[in-house]
Amino acid sequence: MDTTQEPLVNGFYRQHDTGCVYRVISISRHIANELPLVIYCGAKENGDKSLARPLSSFLCDIITDGKREPRFAYLGMHTPAPEKTPTQ
């Protein structure tokens, strides 16, 4: 499956396992191998450092307590009230 065709929009996402809220900035490509990467940062307005994760990892499902859920769940285009913020 070509993961570059998966739907991913800019906006805010909650990471399932941490509860942290992140803002997706863009999708980029690794310079050496062309791997699609999601560029994102913490949801705080004063800006956390940018992060990169392979698109396939960002879009994958994880299983917790026998329940399959997306690793990152889309919250919308407007800043949600975060339950947690990244600590890094």
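This is a predicted model: local features need pLDDT of at least 70, side-chain atom pairs count only at pLDDT 80 or more; totals for chains, interfaces and linings use all residues.
Colleague: In which strand is the place of E69?
Modeller: Residues are numbered from 1 along each chain as its sequence is written, and side-chain values use heavy atoms, with hydrogens and water left out. Helices (H or I, at least four residues) and strands (E, at least two) are DSSP runs, numbered from the N terminus. By this numbering, E69 belongs to strand 6.

Colleague: With which side chain does the side chain of E69 make a polar contact?
Modeller: E69 touches H16, C60, D61 and I62, not counting residues up to four places away in sequence; contact means heavy atoms within 4.5 Å. A polar contact is a pair of N or O atoms within 3.5 Å; within protein, one must be able to donate a hydrogen and the other to accept it, and residues adjacent in sequence count only if both atoms are side-chain atoms. At 2.9 Å, the partner of the E69 side chain is the side chain of H16.

Colleague: Which residue in strand 6 stands opposite T64?
Modeller: Two strands pair if DSSP finds at least two bridges between them. Strand 5 and strand 6 run antiparallel and are joined by 4 bridges. In this pairing, the residue opposite T64 is K67.

Colleague: Which residue in the turn of the hairpin of strand 5 and strand 6 has a positive phi?
Modeller: Most residues other than glycine have a negative phi. The hairpin has 2 residues between its strands, and the loop in question lies between strand 5 (61–64) and strand 6 (67–70). The residue there with a phi of about 50° is D65.

Colleague: Is D65 buried or exposed?
Modeller: Buried means under 20% relative accessible area, exposed over 50%, and partly exposed in between (1.4 Å probe, protein chains only). Because its relative accessible area is 80%, D65 is exposed.

Colleague: What is the phi of E34?
Modeller: E34 is found in the loop between strand 2 (21–29) and strand 3 (36–42). Its relative accessibility is 48%, so E34 counts as partly exposed. Although E34 is not a glycine, its phi is positive, at about 65°.

Colleague: Which backbone oxygen does the side chain of R14 reach?
Modeller: R14 is found in strand 1 (residues 11–15). It is buried because its relative accessible area is 19%. At 3.4 Å, its side chain reaches the backbone oxygen of G19.

Colleague: How far apart in space are Y22 and F72, C-alpha to C-alpha?
Modeller: Y22 lies in strand 2 and, at 9% relative accessibility, counts as buried. Y22 and F72 are 50 residues apart in sequence, yet their C-alpha atoms are separated by 9.0 Å.

Colleague: What accessible area do V9, Y74 and M77 have together?
Modeller: Patches are made of residues with over 30% relative accessible area and no salt bridge, like charges being joined within 9 Å and nonpolar side chains (Val, Leu, Ile, Met, Phe, Trp, Tyr) within 5 Å; a salt bridge is a side-chain nitrogen of Lys or Arg within 4 Å of a carboxyl oxygen of Asp or Glu. Accessible areas come from the Shrake-Rupley method with a 1.4 Å probe, and for residues only the protein chains shown count as cover. Y74, in strand 7 (residues 72–76), is partly exposed at 39% relative accessibility. V9, Y74 and M77 form a nonpolar patch on the surface, and their accessible area together is about 300 Å².

Colleague: Which pattern does the protein chain follow along the sequence?
Modeller: The protein chain has 1 helix and 7 strands. Of its 88 residues, 35% count as buried. Read along the sequence, the pattern is β-β-β-β-α-β-β-β.
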